[in-house]
Amino acid sequence: MGGPGDPPEGTPEGAPGGGEDEYRSVVFDESFVRAARLQEYSAEERIADHAPAVRRRPPLRRGLSRQAVVLVVLIALAFGTAIFMGVRHPYQNPTARRPVEPLRMTVIPLAPQGAVPGTADPEYLYGHSPAAHYRVGAAGIPLPASRRTAHFSDSQVVTALITARDYIVRSSLDPEVLTGQQVRTVRVLIDPDQLDQFDESFSHPAADGRHAPTGWLVRFDPSRAELADREIRVHGTLQAAETDASTLEVTADHTFVYALRPAGSDAKAPASLFTVRRELQFRFDRDDLRLRQTQLIVSYVQAGPLSCSEDSTNHLRPLLAGQTAKEGGPAGTDPYATGGAPALCGALAGSAQPKV
């Protein structure tokens, strides 16, 4: 058997001596190669046992990352925009809210000069009256063209007009309000600072120019009259204007014509027309616009045919077809025409009555 450096089967035949051959250490014969043990490392072994020749170093961070820079820029832009809007925005509220005024109201009854004309056909009455060309219901209260003002935007002006229109519709056209069944739909549109006056007007009506329910809305005495036709005729105007940097005002002037018949009567009972002209002034600050509420500060009402001796504070008590008034005003007053009215009572002009 050979030594440690010899091949397993001994020195090849004919080969020179091992110590004398300078290439002996690097020459492998076939038997040496067959006896050699081969081992292939797995991928995990190669990773675990053989460190990479080059060590990776973490990247150097110099200054802020891109995300941090973007965040800083966005914060700076937002802060600058807030300052600009606060200093230059034309719709800011520069003053404190002004005190809410109580409603000032006047209700003028108009007495007929003769018997109230009537017929069983409400359409005939409308067609032969000054209301022949009036629109029906809310269609008779169109919104005007609106523009922004110095301190209020287009949308704010439109909001004021729509809120005033809603108040007029609910307080003049809602059958449940007209018959005295409810007031809540009107109340929800009133500025909170006027609610005490509103509530007191209905709990303790008084003819003091401050607490008449008929100054807030239209309602008939349900024991005396009912609607003969729910298609109420309406005509009038709305106008909006800025009064100061924190206040918008809307002025409304509308004439409403109702067909009425005696309470509890059948459809064949004669109907008659009842006319109400309402001149209303609404006020809005920015809180009102945001909440879609309003301050009603002036209510001027002419209504007839009524008897001047009747109390029109809580309900309107119409004179119906064939009835006459015992007294009247000194001159005829036409609620269809523009202009003022007597301070206490007026006579309903013949031209304001239908031709029957």
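A: A residue is called buried when its relative accessible area is under 20%, exposed when that area is over 50%, and partly exposed in between, with a 1.4 Å probe and protein chains only. The model is predicted, so local features need pLDDT of at least 70 and side-chain atom pairs count only at pLDDT 80 or more, while totals for chains, interfaces and linings use all residues. Residues are numbered from 1 along each chain as its sequence is written, and side-chain values use heavy atoms, with hydrogens and water left out.

Side chains of opposite charge can pair when their charged atoms come close. The term salt bridge is used here for a side-chain nitrogen of Lys or Arg within 4 Å of a carboxyl oxygen of Asp or Glu. The structure holds 10 of these. Helices (H or I, at least four residues) and strands (E, at least two) are DSSP runs, numbered from the N terminus.

Asp221 lies in the loop between helix H9 (213-216) and S3, and Arg317 in the loop between S6 and S7, so the pair ties together parts that are 96 residues apart in sequence. Asp221 counts as buried because its relative accessibility is 11%, whereas Arg317, at 21%, counts as partly exposed.

Another salt bridge has Glu101 and Arg283 as its partners, at 3.1 Å from N to O. This pair also links distant parts of the chain: Glu101 is in the loop between H3 and strand S1 (104-112), Arg283 is in strand S5, and 182 residues separate them. Glu101 is partly exposed because its relative accessible area is 27%. For Arg283 the value is 6%, so this residue is buried.

Asp253 and Arg277 form a salt bridge as well, their closest N and O atoms being 2.9 Å apart. Asp253 belongs to strand S4 and Arg277 to strand S5, 24 residues apart, and this pair too links distant parts of the chain. Asp253, with a relative accessible area of 22%, is partly exposed; Arg277 counts as buried because its relative accessibility is 4%. Salt bridges that share partners join Glu101, Arg104, Glu249 and Arg283 into one network.

The nonpolar interior comes next. A nonpolar core is a set of buried Ala, Val, Leu, Ile, Met, Phe, Trp, Tyr and Cys residues joined through side-chain atoms within 4.5 Å. The largest core has 46 residues, and Trp216, Tyr258, Phe274 and Phe282 touch the most other members. Two or more residues of this core come from each of helix H5 (154-172), helix H6 (175-178), helix H8 (195-203), strand S3 (225-244), strand S4 (247-262), strand S5 (272-284) and strand S6 (295-304). Another core lies apart from it, with 14 residues, including Val257, Leu273, Leu348 and Ala352.

Within H5, the buried residues are Gln156, Val157, Thr159, Ala160, Leu161, Thr163, Ala164, Tyr167, Ile168, Ser171 and Ser172. The expected span of a helix is 1.5 Å times one less than its number of residues. The 19 residues of H5 should therefore span 27 Å, and its end C-alpha atoms are 27 Å apart, which agrees.

Arg292, in the loop between helix H10 (286-291) and S6, has a positive phi of about 55 degrees although it is not a glycine. Arg292 counts as partly exposed, at 45% relative accessibility. The peptide bond from Gly304 to Pro305 is cis, with omega near 10 degrees, and Pro305 lies in the loop between S6 and strand S7 (332-333).

A contact means heavy atoms within 4.5 Å. Tyr124, in helix H4 (residues 122-127), touches Thr119, Lys355 and Val356, not counting residues up to four places away in sequence. Tyr124 and Lys355 are 231 residues apart in sequence, with their C-alpha atoms 9.4 Å apart in space.

For the protein as a whole, the secondary structure comes to 10 helices and 8 strands. Of its 356 residues, 38% count as buried. Among contacts with a separation of 6 or more, 70% are between residues 24 or more positions apart.
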